[in-house]
Structures are given as C-alpha cells and as structure tokens.
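Trainee: I am new to this structure and would like to go through it with you. Could we take it step by step?

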Amino acid sequence: MILNSMIPKPFNTIRTKLWAFLAVACLYFFAAACETTGDTRPPPDLTDDASVELAEIRKLYAAPDCYVATFSIKGRAAGQAEQEARGVIRADNINQRLLLIFKDPFLGITLSRVVIKDGIVILSNPRNDLQRVPLDRFQMQGLGNNGIQLPFAVFQDLLFARLPDELFSEQATRTLTGTELNVNLQRPPEDFRYRFNERRLREIRYQQQAARPVDVQVKLEGTYRDTVFPARINLQALSPGNDRLQIRFLSINPGAVCRASQFSDR
C-alpha cells in the first residue's frame, strides 16, 4: 500500500528512503502558477555570450519570498506496482524554511510530513514519533531500493526555487550553441549537467562513477502559458535500472504568506 511506502524508516543510519521527498525536492524549483497551454510567446533575443545568457537565466529563475503549491506524483520501480500521492509544499525563502505534506490521493489521509528549518530535517507520520536529522547529513534515495538516486546537494537550493550558485561560479563550464546553453559541473566522481533551451531549464543529468555507477536524467516537459516553468517533471534512472517518477503541478500561490507557526514540528 502507498501508506507503507510513504512512511520513513527509523534513522539508524543517516539515510531516508522517503521517495516522495526525493521527487518533490525537484518540485520547489519547477512549480508553476497556472494551467498549461502551448507556449505562444516569441523566443527571447539571445546573445552569443554564454555568461550573458546565464545571467539572464538567473534573473528569470529568481525565487519568490514565499509560495504554496499543490502537486501529484506517481512512481514506478521494477517489479513494483505504481504508487501515487498528492501533496502540498510551503517554501519560505526568506527564513530558509520548508514544509511538505503528503496525502493519500483517494482518502486525503496525511501519510507523512516533512519540515526543514534551522538546518534540521524533521519527519513525522501517523505511525512514528518525530525523527530529526541534520540537513547537512541528510541523504535521499528514490522509491524503495530503486535506481533514482540523487545527492541532496543537487536539490538543496532547488528546494527553495533557486538555481544552484555553483552554476554561476568559475568552476562551471558553459557552452552556448544556438538557443541551447549547457552548464557542466564536475566534482569527481560526480558530474552534473544542466541544459537550457531559450533560457528555460529542460534537463538535468547526474552521473556518478563509483563501485555502483549512477546515471539519472531529469526532463522538464511542457510549459505554463506565461512562465519559464514546465508542466511536468520526469525522472528516470538510466543506470542502474529503469525506474521512473513523474510530478504534475496542480496549483501554486507565489504570493503566499509564511508564518513561523506554519513550520511547527507537528
């Protein structure tokens, strides 16, 4: 049952396999404000300077102070039935606080609750007591023991609807070809690639060459009518396995209010 899959296991090690949290980590960055339609806007007036293009992209992806979004998420791992959940996210960029609530899509029962504040991740659900782990020691993995494994560092800024600062550092290499800008970050044995097209992020590729190589692709599909955001996010493990997750956005309020009481432990 989805109820069991959404409940985090005790932290006898500093790892949680809360699959929905992994997927929604992407959600903060890619949330959108209205129903999807075709993109009828003219393409931007691009330059032939990769640094200039990246600076313009950074402006477009400026994060709101506070927003609330609703979403649905589906996941499938090899040999397992598809699982589904719905949820709510509240992101406070000013105070670096985050709230995630996951619910059964049919009964509306809360399956789990995740709060991030003061550098601590706080997990709770109807069956377990509060679980706490330092944010800098928090690791994530996909559904069960599947191959969608992404380091938390990839999402630490995306949780708050921002692009990682490293994309704009001297350590990043940038290649601009026509309307496509590729930004590569290498931290052996890890490799991070961000692909933009017409100033929209369209793909993230994460690879790790280790004892068990990891290759994960995140594709951003569709557009919202007057935003830079996609309609769907598809995550796929290219190695190992062929497991998948899909996020679909239902609503967002980019002008929401974030109060301290909304980020309580319970």
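Predicted model: local features only at pLDDT ≥ 70, side-chain atom pairs only at ≥ 80, totals over all residues.

Trainee: How many bridges join β10 to β11?

Mentor: Strands here are DSSP runs of E with at least two residues, helices are runs of H or I with at least four, and both are numbered from the N terminus. Two strands pair if DSSP finds at least two bridges between them. β10 (residues 200-208) and β11 form a hairpin with five residues between them. They run antiparallel, and the number of bridges is six.

Trainee: Which residue of β12 is the bridge partner of Q217?

Mentor: β11 also pairs with β12, in the antiparallel sense over seven bridges. Within β12, the partner of Q217 is Q236.

Trainee: How many of the eight residues of β11 are buried?

Mentor: Buried means under 20% relative accessible area, exposed over 50%, and partly exposed in between (1.4 Å probe, protein chains only). β11 is mostly covered, and its buried residues number six.

Trainee: Why is the disulfide of C66 and C258 called right-handed?

Mentor: A disulfide is counted when two cysteine sulfur atoms lie within 2.5 Å, and a search of the whole structure finds one. It joins C66 to C258, S to S 2.0 Å. The pair links distant parts of the chain, with C66 in strand β1 and C258 in the segment after β13, 192 residues apart. It is right-handed because the torsion about the S-S bond is about 80°.

Trainee: What volume does the second largest pocket have?

Mentor: A pocket is an open set of points on a 1 Å grid over the protein atoms alone, where a 1.4 Å probe fits, with protein on both sides within 12 Å along at least five of seven lines; lining residues have an atom within 4 Å of a point. The lining has 15 residues, with N234, L235, R244, L245 and Q246 nearest the centre. The volume, the space filled by probe spheres set on the points, is about 210 Å³.

Notes: Residues numbered from 1 in each chain as written. Heavy atoms only, no water.
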